[in-house]
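Subject: Structure handover

Hello,

My notes on what was found in it come after.

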Amino acid sequence: MKNNGDRVRRLLEETRDKIETALAGDGVVILPPMDVHASARLLDLLGIKAQATIFDPWYNKGVGGERDDYVKYIVNVLDSLEPFSEHLFFWGFPEIIAHFVDKIPEPLALRCWLTWFYKNSPSMIRGWRSAQMTCLHLSKPDAKMHVENFLNEVQLQKLKHGKLRFIPGPPSVIEESLLCGFVGKNEQTGHPSQKPVAVIERVVLMGTARGELVVDLMSGAGTSAVAAYNNERFSIVCDISEEYTAIAEKRLGVHRISLPGPLTARIGETVNGLRAKKFRMPFKNGRLSEEVDISRDQQLTFAMK
Ligand SMILES: C[S@@+](CC[C@H](N)C(=O)[O-])C[C@H]1O[C@@H](n2cnc3c(N)ncnc32)[C@H](O)[C@@H]1O
């Protein structure tokens, strides 16, 4: 009789095949509703590496409720996202994010304190009216910054011919209206804390090249997957809520994949030796020719554990 390790390994291989097939077909994978620690452990065990991870938790007030151990809880989540993330974009209000600047798990380090600035938040309190959100851009020492994604055609041509004296980066303040009232009505899904695609696109472009992978394991309405898809990046998203998973499915036109039950029960066990695979990009929005020749470093990488 086969031992338990073999069985877990087979289940993990099946799961990775399923994820690879879904990515190759749709560009997007929606995992079944799951706690962030479970999905993070799963991706780590499967040997999947994300060039960019989006981390946008509830803010310890309002819809998500309040927890006394919020700082400890978030630090734990950061710890579980770190192993597979090259760039990690951590969102929250500045007064909350400030608590984490000296708690970033190594080898991640703070690259930039980004601000999303909006003017259209309705006034709810007697005090400062919120008009900004913070995103800590964290990354590993060798993570590539894709400043080229922000150049216009003229600058790209100059860069190609070695005539661009310096490469201008995008500003660290992102100006976009909040999805609220009639603003962004076309994008609104009913999720209470949904970010504009244009905001998430900015960090996706800095952290990834075409054909690379974006992961969001607290994905709400699936905004990160939309931002990734629009820019020809793969994505894997997951949320603990059945309701928001259904919203993301509808928005993305993609059904969640199913996972073998015993696997989710056993994702604490370790396995070795999973095969690496490569596949074509499925994006159909016309910006890629049918036969895409993705250079080696643009391949989605399923690194071996
Ligand atoms: C601020 S919202 C994310 C919004 C998202 N960025 C968007 O644009 O739609 C936070 C999300 O985290 C999810 N969440 C909360 N606790 C979670 C957990 N333990 N594991 C996974 N997801 C969780 C919530 O259901 C919620 O959808």
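How many bridges join β7 to strand β8, and do they run parallel or antiparallel? There are 4 bridges between β7 and β8 (residues 234-237), and the two strands run parallel. One of the pairs is D216 with V237, its bridge partner in β8.

Two remarks on how to read these notes. Residues are numbered from 1 along each chain, as its sequence is written. The model is predicted, so local features need pLDDT of at least 70 and side-chain atom pairs count only at pLDDT 80 or more, while totals for chains, interfaces and linings use all residues.

Overall make-up

The protein has 9 helices and 8 strands. Helices (H or I, at least four residues) and strands (E, at least two) are DSSP runs, numbered from the N terminus. Of its 305 residues, 35% count as buried. A residue is buried if 20 or more other C-beta atoms lie within 10 Å of its own, exposed if 12 or fewer, and partly exposed in between, with C-beta atoms placed from the backbone. Among contacts with a separation of 6 or more, 74% come from residues 24 or more positions apart. A contact means that the C-beta atoms of two residues, placed from the backbone, lie within 7 Å.

The sheet

The 8 strands form an open sheet with mixed pairing, in the order β1-β8-β7-β2-β3-β5-β4-β6. Two strands pair if DSSP finds at least two bridges between them. At the edges are β1 (28-30) and β6 (173-175), each of which pairs on one side only. Neighbouring strands are turned by 20° against each other on average, direction ignored. Angles run from 0 to 180 degrees between N-to-C directions, and axes are lines fitted to C-alpha atoms, for helices over the stretch in contact.

Strand β2 (residues 50-55) is mostly covered, with 6 of its 6 residues buried. β2 pairs in the parallel sense with β3 (residues 85-92) over 5 bridges, and I54 stands opposite F89 there. With β7 (residues 213-216), β2 pairs in the parallel sense over 3 bridges; here T53 stands opposite V215.

Strand β8 is joined to β1 by 3 bridges, and these two also run parallel. The bridge partner of I30 in β8 is V237. Both faces of β8 are covered: F234 and I236 are buried on one side, S235 and V237 on the other.

Helix α7 (residues 223-230) lies across β1, β2, β7 and β8, and runs at about 170° to β8. Because 7 of its 8 residues are buried, α7 is largely enclosed by the rest of the structure. The buried residues are T223, S224, A225, V226, A227, A228 and Y229. They pack against β1, β2, α6, β7, β8 and α8 (242-252). After α7 comes E232, which has a positive phi, near 60°.

Helix α6 (residues 197-207) is likewise largely enclosed by the rest of the structure, because 9 of its 11 residues are buried. Among them are V197, I200, E201 and V204.

The axes of α6 and α7 come within 9 Å and cross at roughly 65°. The crossing is right-handed, meaning that the near helix is turned clockwise from the far one by less than a right angle. On the α6 side the contact is made by V197, I200, E201 and V204, and on the α7 side by T223, S224, V226, A227, A228 and N230. These residues divide into 6 nonpolar, 3 polar and 1 charged. Here Ala, Val, Leu, Ile, Met, Phe, Trp, Tyr, Cys and Pro count as nonpolar, Asp, Glu, Lys and Arg as charged, and the others, Gly among them, as polar.

The ligand

The ligand is surrounded by 19 residues, and the closest are M218, G220, A221, T223 and I240. The shell divides into 8 nonpolar, 7 polar and 4 charged residues. T223, one of the closest residues, is also one of the buried residues of α7.

Regards

Note on methods. Near = placed C-beta within 6 Å.
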